[in-house]
Amino acid sequence: MATHYSGEAGIVKVGTVTIAEGLDWSVTMTSEVIDDTALLDTWKTSLPGNKSWSGSFNCHWDETDTTG
């Protein structure tokens, strides 16, 4: 099971200093589902498992910028 978020534009800051102007970004969050149905159960059951996330951010790089 995964949820994906994406967008365009944005900035990256370190403290109050903007270090990058974004082009696009995405974040994907995933959660495992563990089947715990017993042999004599009449309904399937499951438990939440481990969760994880990953993300990416594409931006402009200004090699002349000395503050970021």
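This is a predicted model: local features need pLDDT of at least 70, side-chain atom pairs count only at pLDDT 80 or more; totals for chains, interfaces and linings use all residues.
The protein chain contains zero helices and four strands. Read along the sequence, these elements follow the pattern β-β-β-β. The mean pLDDT of the protein chain is 83, and 88% of its residues reach 70 or more.

Strand β2 covers residues 11–14 and strand β3 covers residues 17–35. The two strands pair in the antiparallel sense, over four bridges. Two of the residue pairs can be named here. Val14 has Val17 in β3 as its bridge partner, and Lys13 is bridged to Thr18, also in β3. The hairpin formed by β2 and β3 has two residues between the strands. Within this hairpin, Gly15 takes a positive phi near 65°.

Strand β3 also pairs with strand β4, which spans residues 46–59. This pairing is again antiparallel, and it runs over 12 bridges. Ser31 stands opposite Lys51 of β4. In a regular strand, side chains alternate between the two faces of the sheet.

When neighbours within four places in sequence are left aside, Cys59 is in contact with Ala20, Glu21, Gly22 and Leu23. For Glu21, the separation along the chain from Cys59 is 38 residues, yet the C-alpha atoms of the two are separated by 5.5 Å. Cys59 has a relative accessible area of 35%, and is therefore classed as partly exposed, because this value falls between the limits of 20% for buried and 50% for exposed.

Over the whole protein chain, which has 68 residues, buried residues make up 7%. The accessible surface comes to about 5900 Å², and 57% of this area belongs to carbon and sulfur atoms. Contacts between residues at least 6 apart in sequence were also examined; of these, 45% join residues at least 24 apart.

Rolling a probe the size of a water molecule over the atoms shows where empty space is left. The largest pocket holds about 190 Å³ of space. Its lining consists of 10 residues, and those nearest its centre are Ile19, Ala20, His60, Asp62 and Asp65. Strand β3 supplies the largest share of the lining, with four residues.

Two of the residues nearest the centre of the pocket, Ile19 and His60, are 41 residues apart in sequence. In space, the distance between Ile19 and His60 is 9.8 Å, C-alpha to C-alpha. Ile19 is found in strand β3. The relative accessible area of Ile19 is 33%, so this residue is partly exposed. Ala20, also among the residues nearest the centre of the pocket, is one of the residues in contact with Cys59.

Key:
Residues are numbered from 1 along each chain as its sequence is written. Side-chain values use heavy atoms; hydrogens and water are left out. Two strands pair if DSSP finds at least two bridges between them. Buried means under 20% relative accessible area, exposed over 50%, partly exposed in between (1.4 Å probe, protein chains only). Contact means heavy atoms within 4.5 Å. Accessible areas come from the Shrake-Rupley method with a 1.4 Å probe; for residues, only the protein chains shown count as cover. pLDDT is the predictor's confidence in each residue, from 0 to 100. On a 1 Å grid over the protein atoms alone, a cavity is a set of points where a 1.4 Å probe fits but cannot get out, and a pocket is an open set with protein on both sides within 12 Å along at least five of seven lines; lining residues have an atom within 4 Å of a point. Grid points are joined across faces, edges and corners, and a volume is the space filled by probe spheres set on the points.
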